[in-house]
Number of protein chains: 2
Amino acid sequence: MKLIDYSKVTINNGFWKTKQDMVRNTTVHAVYDRFKETHRFDALSCTWKEGDPNMPHVFWDSDVAKWIEGVAYILRFERNEKLEEIVDAAVAEIVKNQDEYGYFNSHFLVTDQDLRFQNRDRHELYCAGHLMEAAAAYYESTGKDALLKAMCKYADYIERIFKIEDSAAFTTPGHPELELALMTLYKVTGEKRYADLSKYFIDKHGNNDKDQPIADWATIHYSMDEVPLREATEPRGHAVRAMYLLCGMADVALEYGDQELFDACERCYESLVNKRMYITGGIGSTRHGEAFTLDYHLPNRTAYTETCAAISLAMFCLRMQKHQNNAKYANTLERAVFNGVLPGISLSGKNFFYENPLEIDVEFNHVNPATNTKERFAITERPEIFGCSCCPPNLVRFLSMIGGYAYGYDEDTVYVNQFMDSNMKTDDTTLTVSTAYPADGKLSIHCETTKKNLAVRIPDWCENFTTDSAYTVKDGYMIFDASAKTDFAIELDMPVTVIQSNSNVHDNAGRVAVTRGPIVYCAESHDNGRNLQAIYVDPDAEYVVGESEFLLPGITTTAYKPAENNALYFRANKEMETMTLKLIPYYAYANRGEASMQIWFLKK
Amino acid sequence: MKLIDYSKVTINNGFWKTKQDMVRNTTVHAVYDRFKETHRFDALSCTWKEGDPNMPHVFWDSDVAKWIEGVAYILRFERNEKLEEIVDAAVAEIVKNQDEYGYFNSHFLVTDQDLRFQNRDRHELYCAGHLMEAAAAYYESTGKDALLKAMCKYADYIERIFKIEDSAAFTTPGHPELELALMTLYKVTGEKRYADLSKYFIDKHGNNDKDQPIADWATIHYSMDEVPLREATEPRGHAVRAMYLLCGMADVALEYGDQELFDACERCYESLVNKRMYITGGIGSTRHGEAFTLDYHLPNRTAYTETCAAISLAMFCLRMQKHQNNAKYANTLERAVFNGVLPGISLSGKNFFYENPLEIDVEFNHVNPATNTKERFAITERPEIFGCSCCPPNLVRFLSMIGGYAYGYDEDTVYVNQFMDSNMKTDDTTLTVSTAYPADGKLSIHCETTKKNLAVRIPDWCENFTTDSAYTVKDGYMIFDASAKTDFAIELDMPVTVIQSNSNVHDNAGRVAVTRGPIVYCAESHDNGRNLQAIYVDPDAEYVVGESEFLLPGITTTAYKPAENNALYFRANKEMETMTLKLIPYYAYANRGEASMQIWFLKK
């Protein structure tokens with residue numbers, strides 16, 4: 001299917017309106033303030049000299065670029081002079097300091113000048129890609145083309161160095177992003193060379209003599225260099241890099257009708273969702289290399305599950321949707337957005353997690369008072385910025401165009417992929433969805449279209465639903481006759497559902513998670529006391545869905561704990577004490593101060 | 001109570017006869033061969049020069065010393081010219097190279113000469129202590145006093161430097177051992193100054209201005225320096241160091257009738273067994289500093305639980321027994337010996353574990369093929385030697401005098417603390433125990449004594465027992481009238497017992513362990529396939545005790561696994577498949593090649 005651009009979707013109410021307002025009113029400004037304070041914007045002026053403080057980091061440009069991209073999405077709906085001035089000033093610096101060849105990187109222009117394109121892991125092409133995405137978005141929102149022109153020049157230079165002359169020290173990006181960005185640049189400019197350059201990188205990846213592992217601690221698997229990408233069977237190495245690369249692959253496969261490349265994407269997708277993805281849609285099991293590990297290795301307490309990795313998974317799913325009208329991609333996307341992306345940002349919109357573990361045990365987070373060494377776990381409260389601060393601006397741009405994830409179409413069908421209280425309008429279709437989703441599963445859809453069908457995704461979590469209209473089911477969608485009527489009432493049954501995982505996931509053995517609709521729930525020690533690990537949940541118990549302070553309902557149920565016993569070891573018994581277990585949406589954890597937190601409970 | 005010296009106990013049959021024979025016939029020789037190969041014996045000649053390979057390590061003398069101590073215990077029962085020649089040659093080198101003041105350390109005599117007694121963590125006093133223990137044992141077994149004299153001279157020198165002149169860079173040993181060794185030296189020589197010196201170190205520990213944390217990564221807790229030892233409330237820091245220190249404290253407390261010091265030992269003992277000890281009697285939860293961590297922090301897969309730590313716990317329990325005729329110390333000792341010490345040595349007697357984790361998951365032991373970094377877990381097969389090879393010779397000496405753990409006496413009672421098929425003879429008592437323990441719980445005791453009572457420990461694992469004689473129960477012992485009869489038949493019921501742990505032990509939440517008598521059982525993937533973590537055990541199931549190839553019986557039971565489901569996540573159900581679970585004694589794990597292993601099973 002083709003997707004309805006975010007700019008054609010207006011979110012009116014409900015969950016996503018709240019999140020969109022938060023980003024527009026708070027997050028975009030908070031991230032700017034932190035980036036300004038930390039000299040990320042100053043770096044663009046390229047005045048840093050040896051001996052000065054705050055040397056521009058190789059990846060700072062990507063932080064600014066993602067923020068600009070987010071601003072562009074926001075400006076599309078409503079002009080904002082202040083934001084636009086900031087962007088224009090930043091763009092002016094970039095244009096001014098871009099060298100005669102088109103090269104721009106605020107690190108390599110002021111230091112390490114001899115090392116340009118010499119080290120595959122130094123993020124130049126990654127930054128270039130993000131700047132191109134920003135340039136395209138800003139041009140489309142404002143019509144201002146200064147950055148777009150600058151980035152086209154840069155792309156031309158990259159084409160020359162990497163493809164025509166092949167004179168860089170490496171052949172393909174060490175941190176993918178440029179591949180997908182070139183496809184965007186192509187779409188905005190119509191310049192086919194950019195798509196061809198993207199295809200060149202995809203073709204050469206894992207298929208050239210020059211690329212080496214990106215660091216001495218990395219293997220060829222770390223960058224998915226072990227085979228040509230068309231032969232890839234699973235996502236490997238750095239999770240974000242793998243997913244951005246897969247996005248580029250999917251884009252190229254679609255543009256060139258490259259079935260072999262799509263098949264590789266599909267194999268990776270299936271491997272990912274069936275063997276390497278947390279229930280939250282988080283991916284990347286270890287902090288060592290921020291990487292994938294092995295099939296079914298999904299430890300909860302040490303899960304890395306970077307916010308950007310969930311965002312990039314959603315981006316990949318979106319692209320796979322374009323290839324196949326199968327609801328499975330939208331299902332995975334939904335899982336990742338609600339449970340993998342949103343925990344990365346506080347309810348206030350100002351604080352961020354880079355890592356999103358599925359379990360926090362504050363009692364044993366700092367295990368050795370006798371030594372200065374300690375076990376390493378993710379931080380337990382969201383700071384306002386990180387040294388490596390990719391996630392906050394990624395959230396800004398992601399959440400600013402969330403409406404673009406909702407709708408699609410093909411020749412004869414309009415697709416509702418994600419459920420948001422919103423309307424969209426194209427030349428041949430006017431569609432309004434009224435819903436409190438995911439607070440409940442009721443959808444009222446008004447659809448005026450010249451197309452034959454209205455397709456509404458049946459979420460993978462949904463076992464029963466009712467409609468007021470006849471439908472058929474195809475590839476995970478209910479298909480309605482849009483020529484016969486315009487109003488459709490659908491109710492997706494949204495009971496609490498207790499989930500179990502594959503026995504190969506050793507960390508989840510004997511454990512279950514509580515979900516409702518697309519939302520994964522967790523318990524915090526704030527509400528449930530210590531020793532969350534010892535709490536038993538009965539899949540057959542009654543679960544009460546009620547109010548919460550966290551946008552979506554909370555859940556309470558009667559749960560069980562072993563009868564108290566002060567002994568360290570004692571004869572096993574089956575005595576249990578009941579307790580009221582209070583669950584909140586996982587995305588809302590850590591909004592009330594440091595606490596232990598758990599998703600997977602013992603199964604009674 | 002007073003303890004019957006190992007030399008007065010002859011082990012005749014059964015489990016411990018097998019182990020004793022193994023040590024005498026195999027282990028003592030195998031450890032010597034490895035130490036000879038690795039130049040630990042050569043080092044005693046002090047001919048190493050800068051530029052030579054194999055620089056003597058600061059702790060090598062302690063390795064040799066523990067081996068000599070073990071040989072001494074073996075020689076007490078049967079002369080062995082070859083072993084005696086090796087010891088005599090080693091002693092001759094020590095005597096020859098000891099300096100004019102009595103100092104001996106094969107590292108500091110050939111290098112770092114200026115650093116003598118300058119660095120609290122460099123093991124000089126630790127090595128000195130082990131050499132004193134060896135000297136005392138060798139003298140008692142052979143009457144040869146060359147090493148004893150040399151070590152008395154060394155002790156005199158230490159007394160001068162540390163106590164009289166206080167001229168060393170530190171006040172108390174960074175790695176305790178000397179404290180208990182000085183008490184041994186005192187007992188063998190009758191020289192009270194050695195006991196006083198031991199008391200001096202105990203008094204000064206955590207109670208002086210000079211001692212600093214032993215390394216920059218360590219805090220004052222690492223060496224239990226945070227308070228004077230009389231105020232200690234729990235064992236902290238390096239597990240072996242803490243236990244050797246507690247041994248010294250207990251020895252001094254007994255010698256000087258120091259109730260305050262004993263109370264500190266008792267507080268540490270209670271803290272240890274109620275909050276910081278694995279079910280195996282293993283102690284030291286983390287490899288970081290080989291240390292204790294926090295109460296109830298007892299992770300299974302990353303458990304460090306050094307073999308030497310279990311040995312030192314047994315040594316501490318033995319000393320606590322001397323203070324109080326309470327069976328609890330012997331209970332803990334038994335747990336530690338069977339399940340904490342014995343896993344450290346292969347059934348062949350030639351291979352050793354330093355670390356003894358309670359769970360091995362070979363499928364996820366090496367988690368990241370994409371990076372050269374990997375999660376760090378204990379090795380899964382026993383090598384013949386380690387770089388830091390304290391455990392193998394510690395096993396030699398420990399197992400060579402195991403009979404010394406069996407019996408005790410006080411004014412009117414003979415105590416049977418540990419059950420071994422053995423006899424012992426003192427001036428007033430001839431006692432024979434016939435038993436297959438711990439294969440079963442039957443004890444036939446023949447006791448001719450002029451003392452009034454025979455006291456037989458009621459193990460903490462034993463809920464029911466029968467006897468053919470009247471008894472009273474006191475402090476965990478059944479007390480028989482030894483003046484009325486000489487033969488006593490006791491049967492300790494030894495059913496399989498399923499054990500649960502305190503809810504504060506997060507790693508064991510929802511899990512149970514299978515035990516029989518003093519033996520903790522485990523499952524290996526050899527017998528039970530992969531995904532041991534997902535196996536449910538029913539405490540109320542039938543457990544069949546049968547043959548095994550590992551000295552003591554194996555156990556089989558019907559266990560349960562979740563019904564197979566290929567999905568990664570799915571609606572929770574209670575469907576189970578049955579399986580036959582085959583359990584072996586934990587001490588016997590890793591004798592059939594690398595495998596996954598588990599002690600704590602899900603509780604059905």
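Analyst: Happy to. Two strands count as paired if DSSP finds at least two bridges between them. This is a predicted model, and in it β1(B) and strand β4 (residues 407–409) of chain B share two bridges in the antiparallel sense. Two bridges meet that cut-off, so β1(B) and β4(B) are a pair.

User: What is the bridge partner of B:L3 in β4(B)?

Analyst: B:G408 is the partner of B:L3 there.

User: What makes β1 and β11 of chain B edge strands?

Analyst: Look at the order of the open sheet, β1-β4-β5-β9-β12-β11 in chain B, with mixed pairing among its six strands. β1 (2–3) and β11 (472–474) each have a single partner strand, so one side of each lacks a neighbour in the sheet.

User: Which strand of chain B is joined to β14(A), and by how many bridges?

Analyst: Strand β20 (residues 569–571) of chain B is joined to β14(A) by three bridges, and the two run antiparallel. The cut-off is at least two bridges, so this counts as strand pairing between the chains. Within it, A:I499 stands opposite B:R571 of β20(B).

User: Why is the contact between A:K574 and B:D540 called a salt bridge?

Analyst: The rule asks for a side-chain nitrogen of Lys or Arg within 4 Å of a carboxyl oxygen of Asp or Glu. For A:K574 and B:D540 the N to O distance is 3.4 Å, so the pair passes. The count between chain A and chain B is six salt bridges. Polar contacts across the interface come to 46 residue pairs, both residues at pLDDT 80 or more.

User: Which elements of chain A supply the side that touches chain B?

Analyst: α9 (259–275), β14 (496–501), β15 (511–516), β20 (569–571) and β23 (600–603) of chain A each supply at least two residues. β14(A) gives the most, with five residues. By type, the residues on that side of chain A are 32 nonpolar, 28 polar and 17 charged.

User: How much area do chain A and chain B bury between them?

Analyst: The size of an interface is often given as the accessible area lost when the parts come together. Here chain A and chain B bury about 6200 Å² between them, with 54% of it on carbon and sulfur atoms. In chain A, the residues that lose the most area to chain B are A:H506, A:L568 and A:Y569, together 13% of what that side buries.

User: How do you know that the copies meet through the same surface?

Analyst: The contact involves 77 residues of chain A and 77 residues of chain B. Of the interface residues of chain A, 100% are also interface residues in chain B, so the same surface is used by both copies.

User: And why are the copies said to be related as by a two-fold rotation axis?

Analyst: Chain A superposes on chain B by a rotation of 180° with 0.0 Å of shift along the axis, at RMSD 0.0 Å. The two copies are therefore related as by a two-fold rotation axis.

User: What makes the peptide bond between A:Y437 and A:P438 cis?

Analyst: Omega is the value to check, and for A:Y437 and A:P438 it is about 0°. A:P438 sits in the loop between β7 (429–435) and β8 (442–449) of chain A. In chain B, the bond from B:Y437 to B:P438 is cis too, with omega near 5°.

Terms used:
Residues are numbered from 1 along each chain as its sequence is written. Chains are lettered from A and ligands numbered from 1 in the order in which they are written. This is a predicted model: local features need pLDDT of at least 70, side-chain atom pairs count only at pLDDT 80 or more; totals for chains, interfaces and linings use all residues. Side-chain values use heavy atoms; hydrogens and water are left out. Contact means heavy atoms within 4.5 Å. Buried area is the accessible area (1.4 Å probe) that two parts lose on being put together, summed over both. A polar contact is a pair of N or O atoms within 3.5 Å; within protein, one must be able to donate a hydrogen and the other to accept it, and residues adjacent in sequence count only if both atoms are side-chain atoms. Helices (H or I, at least four residues) and strands (E, at least two) are DSSP runs, numbered from the N terminus. Ala, Val, Leu, Ile, Met, Phe, Trp, Tyr, Cys and Pro count as nonpolar, Asp, Glu, Lys and Arg as charged, and the others, Gly among them, as polar. Copies are superposed by least squares on the C-alpha atoms of residues with pLDDT of at least 70 in both.
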